[in-house]
Amino acid sequence: LVIVFYGSNGKSNPVSMENKVEHQAKNEITYDIHLPSDLGTLYKVRLGLRILENSISNLSLHHVKMQNTSTLDTFSLSINKMFPLSLNADRWIEFPIEWPLKEALSVVTYHLTVFSRNILSERNLVHMTACIYGTHGDTGDRPLLWSLQNVQQGEDNESFLVIVDAVELGGVDKVVLSISSKTDCKLDIKNLHLKEAVKEHPVYVFEVNETFSVDANKPEIQREIPVSFVIRGDNQKNDIDNNFHQEISQERNLTEYTIKVYTGDKRGAGTDANVHITLFGNEDKSEVFQLSQSLEHQDPFERGKVDTFKIKTKKLGSLHSIEIGHDGKGFASGWFLEKVEITDASRNLVYCFSCNRSVDQHHFGGGVFFLIRTSSNLF
């Protein structure tokens, strides 16, 4: 059994469950897993079987329960699926992680149509996988030749459908093809079309137009293929959305910041007011963000508590100061702020802004704000 964790700070390497059994009872196995790095807030898990050559494994998976032993956050899900028996089968199951007060991603069935000239005649000799990438992560390597649907053959072309179940990918931007064979052969691939099974559009089109010469004595061939265009379907047969690449570029130019707010452990330190923050860097400043949905507490900014927030904004460069404060509203608006720690995921830096004072002394237009300069940044 192999498991891959996806979080706001990245994904883990495949973790083998071998030699990690902590407890085993009838129809139930408990594993103890130590991740090498902080992945941030988990949003999906990919679970599968590592099938060794010439072996056949099967697993009927009914229920999964996970608990963070530090925070005691617990997640459970009924799955009730059987992993396929075939050596070439798609042996991965993905499921989203659900958190209170946060909308979880959904599991989507994707249809990947492969247009080629000779793959069907070589399918028994070739191992071919595709890893689809989007703004919400990737599918991992999925086999393309294990269960072909809607096979169509013509004189000079052919096509077949591959079904992939995965947690929704968001905006899709590339596919990585991996091809290997135990014998020398050539594969002529024209293009790939990807869409959600329940929707006619959008259709992501990947132009390949390449003949792959596969050598049995050489490593597998890998090709990274970006989206060529997107068919949106506005009454036009080929409605190419020229804004698509701009959308992907804008998404990738955003940086995620993790903001940890430490409320002091003093009498009356907490606040019920609405807290806002602005980040200032040497390249730009962010818009004003309201810190309302703490990852830890439904009622944030209570005495002696730490609240974590996630924001996405344009790249700001090195942070040098923040402006943080509240609107003065609520029954108990006074707030003793100890410090703020901000992690820049793109630069792997943590900035510390120390305050250690009450944010209730200076009012500007009905609000209370302090400009705090960084006291240190940790690598």
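Strands here are DSSP runs of E with at least two residues, numbered from the N terminus, and helices are runs of H or I with at least four. Residues are numbered from 1 along each chain as its sequence is written. This is a predicted model in which local features need pLDDT of at least 70, side-chain atom pairs count only at pLDDT 80 or more, and totals for chains, interfaces and linings use all residues; side-chain values use heavy atoms, with hydrogens and water left out.

β22 and β25 (residues 319-326) pair in the antiparallel sense over 7 bridges. Two strands count as paired if DSSP finds at least two bridges between them. β22 is also joined to strand β23 (residues 289-290), by 2 bridges, and these two run antiparallel. Here H276 stands opposite Q290. Strand β22 (residues 275-281) is largely enclosed by the rest of the structure, because 7 of its 7 residues are buried. Buried means under 20% relative accessible area, exposed means over 50%, and partly exposed lies in between (1.4 Å probe, protein chains only). In a regular strand the side chains alternate between the two faces of the sheet. Both faces of β22 are covered. V275, I277, L279 and G281 are buried on one side, and H276, T278 and F280 on the other.

An open sheet of 6 strands has the order β14-β15-β10-β17-β18-β20, with antiparallel pairing. The twist averages 30 degrees from one strand to the next. Axes for such angles are lines fitted to C-alpha atoms, for helices over the stretch in contact, and angles run from 0 to 180 degrees between N-to-C directions. Strands β10 (residues 107-116) and β17 (residues 185-196) run antiparallel and are joined by 7 bridges. V114 has L192 in β17 as its bridge partner.

L192 also belongs to the largest nonpolar core, which has 36 residues. A nonpolar core is a set of buried Ala, Val, Leu, Ile, Met, Phe, Trp, Tyr and Cys residues joined through side-chain atoms within 4.5 Å. M128, L177, I189, L192 and F206 touch the most other members. The elements giving two or more residues to this core include β10, α1 (119-122), β11 (126-134) and β19 (221-226). Apart from it lies another core, of 24 residues, among them I277, L291, L319 and L337.

L177 is in contact (heavy atoms within 4.5 Å) with M128, I189, L192 and I221, among others, leaving aside neighbours within four places in sequence. S178 lies in strand β16. S178 is buried, with a relative accessible area of 2%. Not counting residues up to four places away in sequence, S178 touches H127, M128, T129, E220, I221 and Q222. The side chains of S178 and Q222 are joined by a polar contact of 3.2 Å. A polar contact is a pair of N or O atoms within 3.5 Å; within protein, one must be able to donate a hydrogen and the other to accept it, and residues adjacent in sequence count only if both atoms are side-chain atoms.

L169 sits in the loop between β15 (158-167) and β16 (172-181). L169 is buried, at a relative accessible area of 0%. Its C-alpha atom is separated by 6.2 Å from that of G137, 32 residues apart along the chain.
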